[in-house]
Structure formats: C-alpha cells, structure tokens
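Please open the model in your viewer and keep the sequence beside it.

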Amino acid sequence: MPAIAVLGCMWGDEAKAKIVDYLGSDADYVVRFQGGSNAGHTIVVKGKKYVFHTVPSGILYPHTKCVIGSGLVIDPFALVAEIMALEAAGITFNHRLFIDERTGIVLPLHKHLDLSSEKQLKSAKIGTTGRGIGPAYADLTARVGIRLIDLAHHRYLKRRIQELYLYHKHQEEASEIAELIRQLEECWKFLRKYSCQTGNLLHEANIQGAKIIFEGAQGSMLDRSWGTYPYVTSSNTIVDAVGIGTGFSARCLDEVLGVFKAYATRVGEGPFPTEISDDIAQKIRKQGNEFGATTGRPRRIGYFDAVLAAHTIKLNTIDKLAITLLDVLSGIEELKICMGYKLKNRVLTEPPSHPLDWEKIEPMYVSLEGWDQNLNKARSVKSLPQNARIYLEAIEDLLEKPIKIVSVGKERNQTFVINKG
Ligand code: IMP
Ligand code: MG
C-alpha cells in the first residue's frame with residue numbers, strides 16, 4: 001500500500017480535503033505536515049458539511065488514524081475546541097489521533113502580533129488569516145517558540161513564556177502570564193493522551209504496508225520560499241515539507257498527487273496574474289461558493305494558469321493531477337487558459353521572483369469553448385460534454401501529466417477516477 005501526498009498546487013483552497021476524503025476510504029493514516037488553523041478543509045458527506053482547521057480530514061472514517069506532524073503550529077485552544085465539536089458530532093478520537101510532541105504552539109500573543117503587524121503594514125499587508133501563524137513560525141525559527149511537550153513541564157514553560165514576552169518587548173502582568181500558563185496546562189490535560197513522537201509511527205506503519213496519505217494545507221504558490229513572496233504563508237507547503245514536518249522523508253512517497261481547481265482562486269493580497277473581476281468572476285464565485293472556509297472572505301477569481309501549474313508540478317515532482325470544481329465552469333461561454341507570461345517584450349515560461357515583476361507581467365491566453373450542461377451527475381470522462389473533455393485534455397497537454405481524479409460537485413460521491421491502464 002502506498003504513501004501518497006495530496007498537495008494544493010496554487011494558492012490553497014483547491015478542495016484537497018475532498019480528494020483526501022475520496023482516496024481516504026481505505027487509508028490507514030491521514031497526516032497533516034505543515035500549517036495550522038489558517039487552513040480550512042471542507043468535506044460534505046450526505047449533505048452534512050464538516051470544516052477542519054487542524055485535525056486531519058481522515059478523522060471522518062472511523063478506522064483511519066490521524067497524525068498532526070511536528071511541522072504544524074497548533075493553537076491549543078482552537079484545537080481542543082475543534083476536537084470537542086467533532087466529538088459532539090459523534091466522531092471518536094481515542095487511539096486515532098496522534099500529535100507530535102515537537103509541534104509548535106500558537107499563543108494568544110502570536111495572534112496579537114499577526115493582527116498588529118497587518119495593521120502596521122497598511123496597504124502592504126499580506127491579508128493573513130489572523131490566526132497567528134506567521135509569528136508562531138517566526139518564533140520557532142528564532143528558537144524562542146514553545147512546543148507542545150513544553151506544556152508538560154511547568155517551570156520550564158513558565159521560564160520560556162517569560163523569555164518570549166521579553167523577546168517581543170511585550171509587557172504582561174505576572175498574573176496574566178500565570179493565567180495563560182494555567183489555561184495552557186488545562187489544554188495539555190486534554191491533549192496529552194494524543195501526544196507522542198509520530199515519525200517512528202509512520203515509518204513502522206509504512207514497513208507494515210499501511211496506506212498513508214499526507215494532506216497538504218495551503219498551496220505551493222503560498223510556500224514561504226517558492227510562492228509569491230512576501231505574499232505567502234509562513235510554512236513550506238511543497239512536497240519536501242512532508243519530511244521536515246513529519247520525520248517521514250518525502251523520498252519514501254510512492255505518489256505525489258497535485259490538486260488544481262479547474263480555474264484559479266486566491267484569498268488575501270498578492271500577485272494573481274490571471275485574476276478577473278468581471279461577470280465571469282461573479283458567476284464563478286457564486287457557483288463555486290468561493291468564500292474562505294476560515295475567514296469567510298470572498299475569494300479572488302481567475303483563469304487556470306498553466307505557467308504556474310507547470311512550475312508547481314516541477315517543485316513538487318507531481319505524478320498525477322486531480323482537477324476539482326469542474327462543474328463550476330458550466331454556463332461560461334469562453335474559457336481561457338494562461339500558457340505564457342509577457343514581461344516587457346520578453347515571453348516568460350516561468351514565473352518571476354520579484355514582486356515588482358509580478359505586477360508587470362501580462363498573461364497570454366489560449367481560448368476554449370465552454371459548455372452549458374450541468375456536470376454534477378457525471379461519473380466518467382465519457383459522460384462529460386465534449387467541450388469539458390477538450391478542456392481537461394488541454395490541461396493535460398499543457399502540463400504533460402495525466403489527470404487521475406475529477407471532481408464535479410461538493411459531495412463525496414461527485415468524484416471520479418480516470419483509469420488509463
Ligand atoms: P497566514 O497563513 O494566515 O499567515 O496568511 C498568509 C497568506 O496565506 C494570506 O494570503 C492567506 O489568505 C493565505 N492563506 C493561509 N491559509 C490559507 C488557506 O488555507 N487557504 C487559502 N489561503 C490561505
Ligand atoms: Mg481551504
């Protein structure tokens with residue numbers, strides 16, 4: 001049984017969770033390896049909607065074990081609340097959730113720093129989710145951050161938190177710090193049964209032949225190093241983050257599946273070469289319910305960008321593609337795919353690295369005819385209208401990778417696999 005990574009290959013919200021859920025029915029493990037509660041992973045089963053922020057989406061299958069790797073930063077208060085809400089909905093966690101002891105902790109201070117730095121940046125703001133993710137990762141890099149296992153050591157925790165407040169020159173009453181520590185220790189009482197070292201767990205499972213799915217959060221163009229810097233998240237989101245964030249090397253993966261929307265979206269600020277804001281964008285936002293699962297912000301909409309897709313396919317050594325939300329494009333007369341960028345008089349086949357160049361590039365498009373038919377009931381390529389098939393073929397041809405999975409609706413069963421021998 002394989003180890004598979006399912007990665008969002010644009011700016012997140014590619015409906016990765018739906019693909020993980022689809023592949024996950026026989027998975028032994030579903031593993032998160034980066035990010036935190038900035039993620040919003042939505043799954044719809046029989047009309048019931050579940051949104052996950054930190055818990056891996058595999059938790060919906062009663063036999064699947066879920067791992068939160070050391071590469072995440074977790075907000076213990078939000079995580080406890082998320083687990084309790086899922087428990088109230090009938091989901092069981094005992095012996096099924098494993099959280100690495102080394103996982104970073106997001107403190108209320110980090111949220112405060114996130115929001116105040118966005119305020120200070122004014123028009124240059126990143127448009128973060130406000131969940132404290134950036135400051136929490138920055139503190140880990142600066143070696144002043146707190147990790148889950150620290151919550152088990154009272155005196156050590158107190159010292160580290162005092163030092164952290166000093167580091168940030170943040171004044172806080174001793175009584176406030178004592179109260180924070182008390183609350184963190186309450187969280188620890190709840191979380192400690194899930195805490196362990198997850199690297200070995202995954203290695204052992206792999207040796208035993210388990211099926212392991214690594215569930216990416218955000219997307220490759222939000223990768224801290226390779227995305228549209230500085231308009232990125234603060235973790236690495238590409239395939240190499242699997243090893244860093246779990247202790248299970250990305251070299252041990254059997255398959256890397258790249259998830260793309262049939263069009264493109266982005267939440268927050270930053271470059272988006274194929275962005276549109278016309279009637280077509282409105283229609284896509286409405287049909288695709290393109291509002292952030294974490295913050296509710298309307299998502300920005302654009303055409304499929306094959307230049308960026310080719311770039312992220314290389315970054316991630318993508319083997320196969322999953323194309324999601326194809327149904328959303330029904331009723332659009334003309335569909336465009338970006339196949340090159342123009343920068344001054346040059347044609348670029350790779351994205352630029354400087355934000356000023358991102359502002360100047362002009363996308364070069366190929367036009368395709370759209371289709372009117374509703375796709376929600378399609379369960380094979382054959383049952384798609386001819387123009388939808390041509391659209392998918394164009395993506396395969398431009399990216400030189402086969403499409404394995406197509407999603408045509410929110411429901412678990414509105415998905416099909418393309419078997420190519
Ligand atoms: P942060 O991760 O909250 O620091 O936000 C940095 C950027 O990443 C912002 O543009 C966010 O909108 C974006 N972002 C973070 N998480 C997600 C996600 O799960 N989906 C889409 N965009 C995200
Ligand atoms: Mg999302």
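The stops below concern a metal site, a helix and a pair of helices in a predicted model.

**First stop: the magnesium ion.** Select ligand 2, the magnesium ion, together with Asp13 and Gly40. The ion is coordinated by the OD of Asp13 and the O of Gly40, at 2.1 to 2.5 Å. These two residues link distant parts of the chain, 27 residues apart. Asp13 belongs to the loop between strand 1 (3-8) and helix 1 (16-23), whereas Gly40 belongs to the loop between strand 2 (29-32) and strand 3 (41-45). Is each of them buried or partly exposed? The cut-off for buried is under 20% relative accessible area. Asp13, at 21%, is therefore partly exposed, while Gly40, at 15%, counts as buried.

**Second stop: helix 1.** Now select residues 16-23, which form helix 1. Seven of its eight residues are buried, so helix 1 is largely enclosed by the rest of the structure. Among the buried residues are Lys16, Asp21 and Leu23.

Next, select residues 154-167 (helix 5) and residues 174-191 (helix 6). Their axes come within 11 Å and cross at roughly 130°, and the two helices are therefore oblique to each other. The crossing of helix 5 past helix 6 is right-handed.

Finally, display the side chains at this contact. On helix 5, look for His154, Leu157, Lys158, Ile161, Gln162 and Tyr165; they meet Ile177, Leu180, Ile181, Leu184 and Glu185 of helix 6. By class, this contact has seven nonpolar, two polar and two charged residues.

Notes:
Residues are numbered from 1 along each chain as its sequence is written. Chains are lettered from A and ligands numbered from 1 in the order in which they are written. This is a predicted model: local features need pLDDT of at least 70, side-chain atom pairs count only at pLDDT 80 or more; totals for chains, interfaces and linings use all residues. Side-chain values use heavy atoms; hydrogens and water are left out. Axes are lines fitted to C-alpha atoms, for helices over the stretch in contact, and angles run from 0 to 180 degrees between N-to-C directions. Helices (H or I, at least four residues) and strands (E, at least two) are DSSP runs, numbered from the N terminus. Angles under 35 degrees count as roughly parallel, over 145 as roughly antiparallel, 65 to 115 as roughly perpendicular and the rest as oblique. A crossing is left-handed if the near helix is turned anticlockwise from the far one by less than a right angle, and right-handed if clockwise. Contact means heavy atoms within 4.5 Å. Ala, Val, Leu, Ile, Met, Phe, Trp, Tyr, Cys and Pro count as nonpolar, Asp, Glu, Lys and Arg as charged, and the others, Gly among them, as polar. Donors are N, O and S atoms within 2.8 Å of the metal (3.2 Å for Na, K and Ca); water is not among the atoms, so sites may look incomplete. Buried means under 20% relative accessible area, exposed over 50%, partly exposed in between (1.4 Å probe, protein chains only).
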